[in-house]
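Please read the following briefing alongside the sequence and the coordinates.

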Amino acid sequence: NKVWQRELAVNRIRFGDALLAQQKTDQALKEYRTATEVLEQLAGSDPENAGWQRDLSTGHIKIAAVLREMLDLESALAEYQTAKSTLERLTGIDPGNALWQRDLSVIQIDIGDILRMRDKPFDALKEYRQALAIRQRLSDSAPDNIGWTSDLAVSHFKVGNAQSEIGAFADALAAYRQALAIRELLTKLNPGHTDWQRGLSLCRERIAEIEKRLRKPDD
């Protein structure tokens, strides 16, 4: 009974989440892997079932997140890339599915983060730019969607980080300023949102750092 198998896998993922919240990392990873094995069988049995394909990507993402926390970056990257391939297939089938597009952008950000941690800023920048392109389209399609607007600010900031690391300081400054403009807009809408306030502060810090780098010695 495939429906029951899917329900079992989903419950294992939820159980893994609960274990992870209790800092039982190894046990959580075991649950995620067991669930993903079931989801792989389901997805393989019906490649046209988009729901099962997305479930499978979720399983790989959960595994990757734990491996990343354990600093097993190579294995985490492989899991993220597997999830990315699955979502790329889904978005290719239905490019208009905004949820899948957003999911794909999140994975691209995660992959970029791993690549930066592995001292590969050029590769990271490529992933960040792909995510930025998706998030720009989503934001343009629904300007009132605050969540997508916030995602866009994150992407500009990530691009700026990678550009700064490769020495493209002028480009980094432009990216940080774009992130800052969005953050300023968001914090005006909701001054009590602590994450947005923190993002605003980080943008200002990075801009100050880059401006100092670019300033001539006799200035």
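**Briefing on the predicted model**

Gln-163 is found in helix H7, where helices are DSSP runs of H or I with at least four residues, numbered from the N terminus. This is a predicted model, in which local features need pLDDT of at least 70 and side-chain atom pairs count only at pLDDT 80 or more, while totals for chains, interfaces and linings use all residues. Residues are numbered from 1 along each chain as its sequence is written, and side-chain values use heavy atoms, with hydrogens and water left out.

**Gln-163**
- Gln-163 counts as buried because its relative accessibility is 6% (buried means under 20% relative accessible area, with a 1.4 Å probe and protein chains only).
- Leaving aside residues up to four places away in sequence, Gln-163 touches Leu-125, Arg-129, Ala-168, Phe-169, Asp-171, Ala-172 and Ala-175 (contact means heavy atoms within 4.5 Å).

**Aromatic pair**
- The structure holds 1 aromatic pair (ring centres within 6.5 Å; planes under 30 degrees apart count as stacked, over 60 as edge-to-face and the rest as tilted).
- The ring centres of Phe-157 and Tyr-176 are 5.3 Å apart and their planes stand at 55°, so the pair is tilted.
- Because Phe-157 lies in helix H7 and Tyr-176 in helix H8, the pair ties together parts that are 19 residues apart in sequence.
- Both Phe-157 and Tyr-176 are buried.

Technical notes. Phe/Tyr/Trp six-rings, centres within 6.5 Å; stacked < 30°, edge-to-face > 60°. Helix = DSSP H or I, 4+ residues; strand = E, 2+ residues; numbered from the N terminus. Buried < 20%, exposed > 50% of the residue type's maximum accessible area, 1.4 Å probe, protein only.
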